[in-house]
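Open your viewer, load the model and keep the sequence panel at hand. We will go from stop to stop, selecting a few residues each time.

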Amino acid sequence: MDLLEVKNVSKTYGSGEAAVHALKNVSFSVPKGEFVAVVGESGSGKSTLLNMIGALDTPTSGRVFIDGRDIFSMKESSLTVFRRRNIGFIFQSFNLIPELTVEQNIIFPVLLDYRKPDQKYLEELLHILKLQERRRHLPGQLSGGQQQRVAIGRALMTHPALILADEPTGNLDTQNTSEVIALLKEASRLYEQTILMITHSRRIAQTADRILQVSDGVLTDFGRCRE
């Protein structure tokens with residue numbers, strides 16, 4: 001079964017002559033463990049698509065299924081819990097809590113859900129992310145690349161069904177960009193983690209398993225990338 005199914009999703013802002021059709025009848029599916037890049041220019045609709053899948057916005061029409069669940073058929077309270085437990089977000093601006101240490105930022109989503117962090121898994125993530133020696137540091141004491149690694153750890157900590165990465169390398173230099181993409185690919189391989197990554201860079205998109213393109217709200221599936 002596909003982990004993610006997007007069926008005939010459209011999004012229109014405004015009405016009449018002022019209407020903006022951000023997404024136009026978009027449909028695609030992603031199997032478990034696949035690393036998919038969504039590429040497109042600014043204003044193409046790719047961020048709108050990510051917001052629909054992450055239940056941060058509601059489509060005008062269409063349905064989104066994550067792990068078999070129709071997310072927009074849920075009540076708001078149930079959707080909030082489902083999103084917290086099943087969707088991990090990685091943002092361009094990191095969105096770390098400045099008063100919390102690296103370790104505290106990573107485990108924060110688990111504590112927010114009133115659960116006890118898996119210490120063994122935390123240590124594994126800190127090792128993979130090369131953050132063991134930075135675990136007591138605050139975000140302000142880290143480089144941009146290190147902060148994004150913390151954000152990746154935070155997204156992985158809840159064992160989410162799906163990770164949505166919105167321009168995760170947008171604020172990074174070339175070396176850190178390569179390291180972050182390598183970490184995402186490793187997460188996909190090691191944990192069978194399903195990842196949907198938005199990027200405006202075709203070069204970065206080529207590192208994914210498969211490329212989707214959004215242009216003027218219309219999605220095109222370019223299929224799997226060559227090894």
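What covers the buried residues of H3? The cover includes helix H4 (119-128) and H5, where contact means heavy atoms within 4.5 Å. Helices (H or I, at least four residues) and strands (E, at least two) are DSSP runs, numbered from the N terminus.

Before you select anything, a word on the ground rules. This is a predicted model, in which local features need pLDDT of at least 70 and side-chain atom pairs count only at pLDDT 80 or more, while totals for chains, interfaces and linings use all residues. Residues are numbered from 1 along each chain as its sequence is written, and side-chain values use heavy atoms, with hydrogens and water left out.

**Colour by confidence**

Colour the chain by pLDDT, the predictor's confidence in each residue, from 0 to 100. The chain averages 94, and 99% of the residues score at least 70. Among the elements of the chain, E4 has the highest mean pLDDT (97) and E10 the lowest (89).

**Stop 1: helix H3 and its cover**

Select residues 102-112, which make up helix H3. Its buried residues are Val102, Glu103, Asn105, Ile106, Ile107, Pro109 and Val110; buried means under 20% relative accessible area, exposed over 50%, and partly exposed in between (1.4 Å probe, protein chains only). Just after H3, look at Tyr114, which takes a positive phi of about 60°.

Next, show helix H5 (residues 144-156) and pick out Gln146 within it. Gln146 has a relative accessible area of 14%, so it is buried. Leaving aside residues up to four places away in sequence, Gln146 touches Leu131 and Arg134. A polar atom of the Gln146 side chain also lies 2.9 Å from the backbone nitrogen of Ser143.

**Stop 2: the six-stranded sheet**

Now select the strands of the open sheet with the order E6-E7-E8-E3-E9-E10; its pairing is mixed. Two strands pair if DSSP finds at least two bridges between them. Strand E6 (87-91) and strand E10 (218-224) stand at the edges with a single partner strand each, so one side of each has no neighbour in the sheet. On average, neighbouring strands here are turned by 20° against each other, direction ignored.

Zoom in on strand E9 (residues 210-215), which runs antiparallel to E10 and is joined to it by six bridges. To find one of these, select Arg210: its bridge partner in E10 is Arg224.

**Stop 3: aromatic pairs**

How many aromatic pairs does a search of the whole structure find? There are two. Rings of Phe, Tyr and Trp (its six-membered ring) pair if their centres lie within 6.5 Å; planes under 30 degrees apart count as stacked, over 60 as edge-to-face and the rest as tilted.

Show Phe89 and Phe91: their ring centres are 5.8 Å apart and their planes are at 5°, so this pair is stacked. Phe89 is buried at 18% relative accessible area, whereas Phe91, at 28%, counts as partly exposed.

Now move to Tyr121 and Tyr191, an edge-to-face pair with 5.7 Å centre to centre and 85° between the planes. Tyr121 lies in helix H4 and Tyr191 in helix H6, so the pair ties together parts that are 70 residues apart in sequence. Tyr121 is buried at 6% relative accessible area, while Tyr191 is partly exposed at 23%.

**Stop 4: the four-stranded sheet**

Finally, select the open sheet of four strands, with the order E2-E1-E4-E5 and antiparallel pairing. E2 and strand E5 (69-70) are its edges, each with a single partner strand, so one side of each is left without a neighbour in the sheet.

Follow the strand pairs in turn:

- Strand E1 (residues 2-13) and strand E2 (residues 20-31) pair over eight bridges, and Lys11 stands opposite Leu23 in E2.
- The hairpin of E1 and E2 has six residues between the strands, and in it Gly14 takes a positive phi near 80°.
- E1 pairs with strand E4 (residues 61-66) over five bridges; Val6 has Val64 in E4 as its bridge partner.
- E4 and E5 pair over two bridges, with Ile66 opposite Arg69 in E5.

Note on methods:
A polar contact is a pair of N or O atoms within 3.5 Å; within protein, one must be able to donate a hydrogen and the other to accept it, and residues adjacent in sequence count only if both atoms are side-chain atoms. Axes are lines fitted to C-alpha atoms, for helices over the stretch in contact, and angles run from 0 to 180 degrees between N-to-C directions.
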